[in-house]
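The following note sets out points for a colleague who wishes to read this model alongside its sequence. Please keep the structure open while going through the numbered paragraphs.

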Amino acid sequence: MPKKPKFRRAFSLLIAFLFIFECFPARTFAASAPALTYSIDVEGAKESSGTNVFYASQRGDTVTVRFVMRRTDSQESYSLNTMQNEIEYDMSFFEFAEDSISVEKSGLDAELQTRVMGQEIVKVSALNGSEFAPEQVMCSFQLKIKSGAESDSGWVRCSEAKAVATDYASATVTERNLEVRLKQSGLTVTATGYDAAYDGAEHAVTATPNITDGTTVEYSVDNGASWSETAPSRKDAGTTQVKVRARNDPYFDATADAVLNVTPKALTVTANAA
C-alpha cells in the first residue's frame with residue numbers, strides 16, 4: 001500500500017511532461033541551426049587571409065558591393081526566423097552612391113541608415129520564416145572611391161551579424177569582410193620575338209616580367225581582341241605581330257610588343273660542270 005503514492009506521483013509527472021511536449025513542438029527544443037558565412041565581396045575579388053580583396057584601377061571608380069550569405073555545413077536550403085546584418089564602410093575612402101541599394105530576394109529589406117556619430121550603414125534584415133538557398137545574394141549597393149581619398153585602400157565590413165533559425169537556435173555566423181585597394185605601378189614585362197630565315201623549327205615569343213610571383217603573362221595575335229597564356233610561335237615564312245600582357249592584381253597591367261618574322265630560306269643552286 002505505501003508504494004501507491006510514489007506510483008501516482010511518477011504517473012502524474014509523465015502526464016505533465018507529455019502535455020508540455022504536445023504544447024511545445026520538438027523543434028522548439030532543437031539545437032540544430034545552419035552554419036553561415038556573411039561575405040561582403042565584389043565580383044573579381046579574391047580571398048586572402050579571411051578577407052575578400054579587390055583591386056580598383058583609380059580614385060573615382062565605382063564598385064558594386066554584394067552581401068552574400070553562404071551555408072557552410074550543408075548544401076540544403078534552410079529557413080531563418082530572423083536575420084539581421086549591419087554593413088559599414090570606410091567613409092574616408094568611399095562615398096555612397098545614392099539610390100544604389102538593390103534587394104536580390106523577396107522577404108528581405110535593406111536600407112541606408114546613419115548612426116548617432118555619423119557612420120553610415122546598410123542594414124539588411126529578413127522577415128520571419130524566410131527561406132534561403134545554400135548560397136544567396138542578399139543585396140548589393142555601390143560605393144564610389146573618393147577622388148580626394150588620401151589612403152590607397154578602404155574597408156567594408158559587418159558591424160553586426162545575427163541569424164536565428166526557425167527552431168529558435170542561433171546560427172553560427174562567420175564574417176568575411178572586404179578590402180578595396182588601389183592598383184600600383186611597378187610591373188613591367190619584356191618580350192623577345194624572332195627575325196631570321198626559315199630553318200624548319202618553331203620559334204616562339206618569350207616574355208619575362210620583372211615580378212614573377214603572382215604574375216600571369218598573356219599573348220594576343222589579333223591586336224588584343226583575345227588573349228591566351230600560350231606563347232605564339234611560327235615555323236613557316238611570314239610575319240606574326242604579337243601583343244604581350246602581364247597581369248598581377250596589385251599592379252596595373254604591363255604590356256609589350258614582339259614580332260615573329262620568318263624569311264624564306266635562300267635557294268642554293270649548284271651547276272654541274274660540263
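1. Terms and basis. Two strands are taken to pair if DSSP finds at least two bridges between them; helices (H or I, at least four residues) and strands (E, at least two) are DSSP runs, numbered from the N terminus. The model is predicted, so that local features need pLDDT of at least 70 and side-chain atom pairs count only at pLDDT 80 or more, whereas totals for chains, interfaces and linings use all residues. Residues are numbered from 1 along each chain as its sequence is written, and side-chain values use heavy atoms, with hydrogens and water left out.

2. The hairpin of strands 8 and 9. Strand 8 (residues 108-114) pairs with strand 9 (residues 120-126) in the antiparallel sense, over seven bridges. Within this pairing, L108 stands opposite A126 of strand 9. Five residues lie between the two strands of the hairpin, where G118 takes a positive phi near 100°.

3. Overall composition. The chain holds one helix and 22 strands. Of its 274 residues, 32% are buried, where buried means under 20% relative accessible area, exposed over 50%, and partly exposed in between (1.4 Å probe, protein chains only). A contact is defined by heavy atoms within 4.5 Å. Among the contacts in the chain with a separation of 6 or more, 74% are accounted for by residues 24 or more positions apart.

4. Nonpolar cores. A nonpolar core is a set of buried Ala, Val, Leu, Ile, Met, Phe, Trp, Tyr and Cys residues joined through side-chain atoms within 4.5 Å. The largest such core has 37 residues, and those with the most contacts inside it are V65, M69, M83, F94, V124, L143 and V156. A second, separate core of 14 residues includes V189, V205, A246 and A256. In soluble globular proteins, nonpolar side chains tend to be buried together.

5. Surroundings of F94. Leaving aside residues up to four places away in sequence, F94 touches V63, Y89, L143, K144, I145, K146, G154, W155, V156 and V180. L143 and V156 are also listed among the residues with the most contacts inside the largest core.

6. D41 belongs to strand 1 (residues 35-41). Is D41 buried or exposed? D41 counts as buried because its relative accessibility is 6%. Its contacts, not counting residues up to four places away in sequence, are N52, T64, V65, R66, V68, R70 and L178.

7. The strands follow the order 16-22-21-19, with mixed pairing. Its edge strands, each pairing on one side only, are strand 16 (194-197) and strand 19 (216-220). Strand 16 and strand 22 (residues 254-263) pair in the parallel sense over four bridges, and Y194 stands opposite L260 in strand 22.

8. A254 in strand 22. A254 lies in this strand and counts as buried because its relative accessibility is 6%. Residues touched by A254, beyond those up to four places away in sequence, are L187, T188, V189, V244, R245 and A246. A254 and V217 are 37 residues apart in sequence, and their C-alpha atoms are 9.4 Å apart in space.

9. The largest pocket. On a 1 Å grid over the protein atoms alone, a pocket is an open set of points with protein on both sides within 12 Å along at least five of seven lines, and lining residues have an atom within 4 Å of a point. The largest pocket contains about 330 Å³ of space, its volume being the space filled by probe spheres set on the points, which are joined across faces, edges and corners. It is lined by 16 residues, and those closest to its centre are K46, K183, R247, N248 and D249. Strand 3 (51-56) and strand 19 each supply at least two lining residues, and the largest share, three residues, comes from strand 3.

10. Exposed loop residues. E43 sits in the loop between strand 1 and strand 2 (46-48) and is exposed, with a relative accessible area of 71%. The C-alpha atoms of E43 and F54, 11 residues apart along the chain, are separated by 8.3 Å.

11. Most residues other than glycine have a negative phi. S49, in the loop between strand 2 and strand 3, has a positive phi of about 55° and is exposed at 76% relative accessible area. D99, in the loop between strand 6 (94-96) and strand 7 (102-103), has a positive phi of about 60° and counts as exposed at 74% relative accessibility.

Key: 1 Å grid on protein atoms, 1.4 Å probe; cavity = no way out; pocket = protein on both sides within 12 Å on 5 of 7 lines; lining within 4 Å.
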